[in-house]
Every structure is written in C-alpha cells, then in structure tokens.
Amino acid sequence: MPSPKIPAKSLEVRLARHLEGPITLDHFDVVQAELAEPGDGEVVVRNDFMQLTAVMQDLMTPAPDLPMPPYEVGKRLWGGGVGTVVHSNSPDLAVGDLVQNMDGWAEYSVGPAGQYYKSDPTLYPSPEYYLTQGPTAYHGIADVAEVGEGDVVFVSGAAGGVGSLAGQIAKCRGAKRVIGSAGSKAKVEYLVNELGYDAAFDYHDGPVVDRLRELAPDGINVFFDTVGGEQFEAAVQVAAQDARFALCGALSGQVGNSEGAFPRLDIMTAIVRQIVLRPFATFHTPEQIWAWHQHFSQWLKEGKFVLPGTIIEGGLSQAPTGLLNLLTGKYQGNVVVKLSES
C-alpha cells in the first residue's frame, strides 16, 4: 500500500500551566508543531480517535499522586489514541495497519514501531471501540470485587465512562441485581432503559442511604465506587455481610471542592459486617487489557453489551472543551474525539 502524503506540521495540545484551581481552556495550548522525520525502525501514525477521561484533570496538577506520568508544562499531553500507520520504516508495522498508542492529544504521532500496539480492525464495529475504560471496569468488577452469581451490586457514577460498563459487566457475570446512581433523571432512565440496570436513582433526590435501602432491602454485596463522598458513606450503611468495595475513583472530590474525596468511614459498621475495602489503581497490565477485549468482543457478538458514549466531532481543537464538558457531567458513557475524517 502506498504511503499517504505526510504533513510537515501536526496539531497537538500542550499543557499551558499547572492546574491549581478550576480547570479552564486557558490551561491548554493548541499549537501547530513540526512533525519529526521518522528514523530507522520508526513509523508515522495518523490518529483517528482519541479518548477523554476524568483522570486527565488530575494529571494536570503539579504533583498528582497517581501511578502514571503527570503532564508537564509546555509539553504535549498524553492519552489513549487509535489510528492508522501512514508511513513505516519498520518491518513490524505496515502502512494501513490499525494501531493503539498513548499520543492521543496529537493529530499525528512519530516513534519506534514498538511503542504502538497493532490491533485487529475486524474485532469491533469501529476503531473507537478500542478506546474505552473497559479495562478499569472489568478489572474492578471481575478481579477486585469478584462479582458472581446472585450478587447485588451498586455502581456509583453509573452513567460515566467506567460505571456505564461496570454495571453491564456485573450483569454478564451473573449479578442478581445491579443498581446505579447518576446525576439527572435522563441519565437514570438511560441506565435502566438502555444499559440494562435493574434500578437507578438520581443522587440529588434526597439522602442516598434512603434510596439504597429502598432499592436493596437485603443489602448490597458489592459496591463499585467512582464517586466517594456521601455515596460511599451510604454504601457502608447498606452493605450486606462480607460486602466487597472496589474503590475506583472519587469524582465528588475531583470536581469542585475536595470534600467528596474524604468520606467518613463508620468503622464499627465496617467491622461488624466485615466489609472488605479494595482500592485499585487504573494503570493496567497487558493481561488485564487483553481480558477486557476478549470478553467485550464476545459479549458484543452475543448482543449482551452495548458501548454507551459520545463522539465529539470537529477535530483535535475540540478536545479541551470536550474534557471540560466531561468533567461537568454533560456526557454519558465513553467519550472520544474524532480527529480524522479518513
């Protein structure tokens, strides 16, 4: 296959300054950068889609306490992307190959072939299916919480990129009842009518503990938490004996003030019910990622799963606004930006 014409410059997004207050568009620089010439063993990739996730906000802070590299002022942001090889100086990748990479905040990426992950273009209906928070949701539900037959599962932030997958995974693994929380009536209806949740509620509608007791009168066996704050405190009160808590995030502390990141733990209740707290990080191993793709692709073929989400049109320049909108809850499910019309 002949190589397409490679541009001399590529649009990319850099960190303008560290985040020390509310995130704004002023924290991003969208620039035209010179595209490096590929050397021996290197390839040029046109990114077709990039993924947006809430953790990107944390990476913009001066010293995020996360098991992943922070963003640096004046340098391009990093994040998941999927695209097409448009030039190759390596026998390992050919022009036209579909690849995943971590250079998503750029229209084009140049680097050694080994830093790109060749992907099967026939596995999914479209390349953006590779850009999900599925590895986090699957690892948390299957490995950390060990959801199985008969479990009653509560997922906080259930309409988000992780939660919208976690609930479906729990159902596929045999959970008896899956309950989700969200921030609007429309999202609650979406969870039940589109994603197969057995029940859902708007966390604005009164005390969360009251809603949970109503929807899970015999208690919850598993709590998959992306929110923290009041929802964590309520889950402790409604936990069944030997309940497992998979702690994935603390969105109530990431957006606005930080109070939601510091929920109170009713220690006596946790002791009496022998609640197991299992926090886990989201920087995944190849084995965890492969496990997700194996199950996800199979469940899609069997009609047991849908990929909820939003595709933002307009190219890379729309990515900063897209991240701000994601953090304020504008979107449902997985959020990707379409970078290329090809």
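Here is a friendly conversation about how the descriptions of this predicted model are reached.

User: Before we start, what should I know about the model and its numbering?

Analyst: This is a predicted model, in which local features need pLDDT of at least 70 and side-chain atom pairs count only at pLDDT 80 or more, while totals for chains, interfaces and linings use all residues. Residues are numbered from 1 along each chain as its sequence is written, and side-chain values use heavy atoms, with hydrogens and water left out.

User: What makes up the secondary structure of the chain?

Analyst: The chain has 10 helices and 15 strands. Both are DSSP runs numbered from the N terminus: helices are H or I with at least four residues, and strands are E with at least two.

User: Why is the chain called as compact as a globular protein of that length?

Analyst: The radius of gyration is taken over C-alpha atoms, and the globule rule is 2.2 Å times the number of residues to the power 0.38. For 342 residues the rule gives 20 Å, and the chain comes to 21 Å, which is close, so the chain is as compact as a globular protein of that length. Along its principal axes, the C-alpha trace spans about 65 × 45 × 35 Å.

User: How many of the residues count as buried?

Analyst: Of the 342 residues, 53% do. Buried means under 20% relative accessible area, exposed means over 50%, and partly exposed lies in between (1.4 Å probe, protein chains only).

User: What makes Met102 partly exposed?

Analyst: The relative accessible area of Met102 is 41%, so Met102 is partly exposed. Met102 is placed in the loop between β5 (98-101) and β6 (108-112). Leaving aside neighbours within four places in sequence, Met102 is in contact, meaning heavy atoms within 4.5 Å, with Trp78, Gly79 and Gly80.

User: Which residues touch the most other members of the largest nonpolar core?

Analyst: They are Val147, Val153, Ile169, Leu191 and Phe224, out of 43 residues in that core. A nonpolar core is a set of buried Ala, Val, Leu, Ile, Met, Phe, Trp, Tyr and Cys residues joined through side-chain atoms within 4.5 Å. Helix α2 gives the most to this core, with 5 residues. Another core lies apart from it, with 27 residues, among them Phe28, Tyr71, Leu327 and Val337.

User: Which residues does Phe224 touch?

Analyst: Not counting residues up to four places away in sequence, the partners of Phe224 include Ile141, Phe154, Val162, Cys248 and Phe280. With the same exclusion, Val147 touches Ile141, Val153, Ala170, Arg173, Ala175, Val222 and Arg244.

User: Why is helix α10 called largely enclosed?

Analyst: In α10 (residues 319-327), 8 of the 9 residues are buried, so the helix is largely enclosed by the rest of the structure. Those buried residues pack against β1 (9-15), β2 (28-34), β3 (42-52), α1 (55-59), β14 (309-312) and β15 (334-338). Just after α10, Gly329 takes a positive phi of about 80°.

User: How do you know that helix α6 is mostly covered?

Analyst: In α6 (residues 229-237), 7 of the 9 residues are buried. They are Gly229, Gln231, Phe232, Glu233, Ala234, Ala235 and Val236.

User: What is the phi of Glu146, and what is that of Gln274?

Analyst: Phi of Glu146 is near 50°, a positive value in a residue other than glycine. Gln274 has a positive phi of about 55°, although Gln274 is not a glycine either. Glu146 is in the loop between α2 and β8, while Gln274 is in the loop between α8 (267-272) and β13 (276-279). Glu146, at 46% relative accessible area, is partly exposed; Gln274, at 48%, counts as partly exposed too.
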